Amino acid sequence: MDLEWLLNLGYIGLFIGSFIAATVVPFSSDVLLLGILAAGGNVWLCVLVATLGNWLGGLTSYWLGWLGKWEWIEKWCGVKHETMLKHKDKIDKYGVFLALLTWLPVVGDVFAIGLGFYKVNFRKSAILMLIGKGARFVMWALLFIWGKQFF
């Protein structure tokens, strides 16, 4: 996906891109965040906007799982029945704490859908998802600030 049009939208583009990246659409909100930061965006506003967009996208995936049927999840989310069954063991073992890992590429989206599909506590999932996604963007912002001194 071409990032330039999102970069031109500034913070709104960062929000949209971060939201999209937290669904099953393959996209990197990290690259977008770094692009906005490199263009002179306010570091902490970028972290806030990216976190909020990514969190709401993750909650959307959770609710798609909650509302979903096997057929819907396969058709609309591209997640195979076997994949959901494979991750059921992880959900049974780690439960709501998997929400901390929903920021991970590929499996994070499956975790979010799985948490919803298997009806894991929404409030706890939402809070831990927010913490995990926020920590990821804070880490990128700190790396950006630290790395900027070398250029």
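User: Which residues of H7 are buried?
Analyst: The buried ones are Gly108, Asp109, Val110, Phe111, Ala112, Ile113, Gly114, Leu115, Gly116 and Phe117. Buried means under 20% relative accessible area with a 1.4 Å probe and protein chains only, while exposed is over 50% and partly exposed lies in between. This is a predicted model, where local features need pLDDT of at least 70 and side-chain atom pairs count only at pLDDT 80 or more, though totals for chains, interfaces and linings use all residues. Residues are numbered from 1 along each chain as its sequence is written, and side-chain values use heavy atoms, with hydrogens and water left out.

User: OK, how many residues of H7 is that out of the whole helix?
Analyst: 10 of the 11 residues in H7 (107–117) are buried, leaving the helix mostly covered. Helices here are DSSP runs of H or I with at least four residues, strands are E runs of at least two, and both are numbered from the N terminus.

User: What do the buried residues of H7 pack against?
Analyst: Helices H2 (11–21), H4 (43–67), H5 (70–77), H6 (81–94) and H8 (122–148). A contact means heavy atoms within 4.5 Å.

User: And what follows H7?
Analyst: Lys119, with a positive phi near 60°.

User: Switching to the overall fold, how many helices and strands?
Analyst: Eight helices and zero strands. The radius of gyration is 16 Å, close to the 15 Å from the globule rule for 151 residues, so the protein is as compact as a globular protein of that length. That radius is taken over C-alpha atoms, and the rule is 2.2 Å times the number of residues to the power 0.38.

User: What does the C-alpha trace span?
Analyst: About 45 × 25 × 25 Å along the principal axes.

User: Which residues have the most contacts inside the largest nonpolar core?
Analyst: Leu14, Leu33, Leu37, Cys46, Ala50 and Phe137, in a core of 15 residues. H2, H3 (29–38), H4 and H8 each supply at least two residues of this core, and H4 gives the largest share, five residues. A nonpolar core is a set of buried Ala, Val, Leu, Ile, Met, Phe, Trp, Tyr and Cys residues joined through side-chain atoms within 4.5 Å.

User: What about a second core, which residues does it include?
Analyst: That one is separate and has 14 residues, including Leu59, Ala112, Val120 and Ala126.

User: Last one: what share of the 151 residues is buried?
Analyst: 44%.
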